[in-house]
Amino acid sequence: MSYRITILCDNSVGPLSGTLGEHGFAVLVESAGGALLFDTGQGDTLLHNALRMNRDLHRVEKVALSHGHYDHTGGLYPLLRNCGGKEIFAHPDIFSRRYRVKDTGESMPIGIPYDEAFLRALGGRFDLAREFRGVAPGIFLTGEVPRETLFEKGDTGLCCDDAGCTADRLADDQSLVIRTGKGLVLILGCCHAGLINTIEHARRATGVDAVHAVIGGTHLGFCGPAQLDETIRALGRYAVRNICAGHCTGFAPAARLAREFPGRFHPAHVGYSLEIGD
């Protein structure tokens with residue numbers, strides 16, 4: 001089966017005029033089996049960019065969510081309101097309370113902006129599970145990703161309470177996996193679980209060793225230099241053909257990836273599209 005993967009929301013935009021950026025992420029996956037949306041951005045740019053790129057989101061029947069942060073789930077409201085009901089695949093913790101606590105002690109809510117009852121009233125049909133599972137022909141969600149690497153520490157500023165007393169491990173962090181004839185294609189929301197942890201989990205769960213592409217947020221922009229060094233060293237072992245990083249990757253880590261993987265790194269900006277044939 002052939003797939004066309006298009007980034008609809010991201011922090012940066014590409015050469016396509018009229019598109020808008022925001023701190024958020026959303027990807028449209030199209031195939032003969034239909035259209036699936038992975039994440040929805042904050043909600044300010046999803047419909048605008050889809051219209052500018054001639055992508056009809058009314059055709060989307062399924063939405064998969066990477067985790068319960070506002071910059072990945074905020075677009076659910078305009079999507080459901082304007083494009084009709086959708087089946088929504090997510091982790092049971094998707095509606096958990098989430099906060100970022102700054103060094104100053106200031107607390108900011110960063111969870112999903114809407115409650116489940118409100119979204120259900122708009123036609124959102126939630127299918128919640130923790131496990132690896134298929135969501136469309138050849139397309140899977142990783143479910144909870146085992147945290148096995150010693151160097152992938154994650155972001156220490158995320159909490160479950162506004163006082164910053166309880167660290168948020170983001171157990172609901174998951175990625176989309178597409179099984180193709182060229183190998184696995186991984187689409188990452190923020191990859192809080194760690195890029196290498198996610199790759200290894202996807203390989204084990206599918207039984208496919210080859211990784212053809214990694215697309216999306218790597219969260220390396222919020223991690224220290226030691227984790228970046230180890231991630232690049234480990235990533236080199238997989239011979240990934242396309243490393244398309246954006247959103248929370250950060251400018252300096254993206255520049256490092258471009259230098260370490262010449263010809264294989266591509267900025268994952270709004271409008272970036274990757275087509276994968278049979």
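Strand S14 (residues 211-217) runs parallel to S15 and is joined to it by 5 bridges. The model is predicted, so local features need pLDDT of at least 70 and side-chain atom pairs count only at pLDDT 80 or more, while totals for chains, interfaces and linings use all residues. Residues are numbered from 1 along each chain as its sequence is written, and side-chain values use heavy atoms, with hydrogens and water left out. Helices (H or I, at least four residues) and strands (E, at least two) are DSSP runs, numbered from the N terminus.

**The sheet**

- S14 and S15 belong to an open sheet of 7 strands with mixed pairing, in the order S9-S10-S12-S13-S14-S15-S16; two strands pair if DSSP finds at least two bridges between them.
- Strand S9 (133-136) and strand S16 (265-267) are the edge strands, each pairing on one side only.
- From one strand to the next, the twist averages 25°.
- Ile215 stands opposite Cys244 in S15.
- S9 pairs with strand S10 (residues 139-141) in the antiparallel sense over 3 bridges, and Arg133 stands opposite Leu141 in S10.
- The hairpin of S9 and S10 has 2 residues between the strands, and Gly138 in the turn has a positive phi of about 75°.
- S10 and S12 run antiparallel, joined by 3 bridges; the bridge partner of Leu141 in S12 is Leu176.
- S12 and S13 also run antiparallel, with 5 bridges, and Ile178 has Val185 in S13 as its bridge partner.
- A hairpin with 2 residues between the strands is formed by S12 and S13.
- In S12, 4 of its 5 residues are buried (buried means under 20% relative accessible area, exposed over 50%, partly exposed in between, with a 1.4 Å probe and protein chains only).

- H5 and H6 pack at an angle of about 30°, and their axes are 9 Å apart.
- This angle makes H5 roughly parallel to H6 (angles under 35 degrees count as roughly parallel, over 145 as roughly antiparallel, 65 to 115 as roughly perpendicular and the rest as oblique).
- At this contact, Leu195, Ile196 and Ile199 in H5 meet Thr231, Ala234 and Leu235 in H6.
- The largest nonpolar core has 26 residues; a nonpolar core is a set of buried Ala, Val, Leu, Ile, Met, Phe, Trp, Tyr and Cys residues joined through side-chain atoms within 4.5 Å.
- The residues with the most contacts inside this core are Leu186, Leu195, Ile199, Val214, Leu235, Val240 and Leu257.
- At least two core residues come from each of S13, H5, S14, helix H6 (225-235), S15 and H7.
- Leaving aside residues up to four places away in sequence, Val240 touches Val211, His212, Ala213, Val214, Leu235 and Arg264.

- Pro253, Ala254, Arg256 and Leu257 are the buried residues of H7.
- Seen down the axis of H7, these residues fall within an arc of 160°, so they line one face of the helix; the arc is that of the directions from the helix axis to the C-beta atoms.
- Phe251, Ala252 and Arg259 are exposed on the other side of H7.
- H6, S15 and S16 are among the elements that cover the buried residues of H7.
- Thr249 lies in the loop between strand S15 (242-246) and helix H7 (251-260), and is buried at a relative accessible area of 1%.
- The contacts of Thr249, not counting residues up to four places away in sequence, are Gly216, Gly217, Thr218, His219, Leu220, Gly221, Ala254 and Leu257.

**Positive phi values**

- His219, in the loop between S14 and H6, has a positive phi of about 60° although it is not a glycine.
- His219 is buried, with a relative accessible area of 4%.
- Asn54 also is not a glycine and has a positive phi, near 60°; Asn54 is in the loop between helix H1 (46-52) and strand S4 (60-64).
- Asn54 counts as exposed, at 69% relative accessibility.
- Gly84, which follows H3, has a positive phi near 90°.
- The buried residues of helix H3 (residues 76-83) include Leu76, Pro78, Leu79, Leu80 and Cys83.

Technical notes:
Contact = heavy atoms within 4.5 Å. Axes fitted to C-alpha atoms, helices over the stretch in contact; angles between N-to-C directions.
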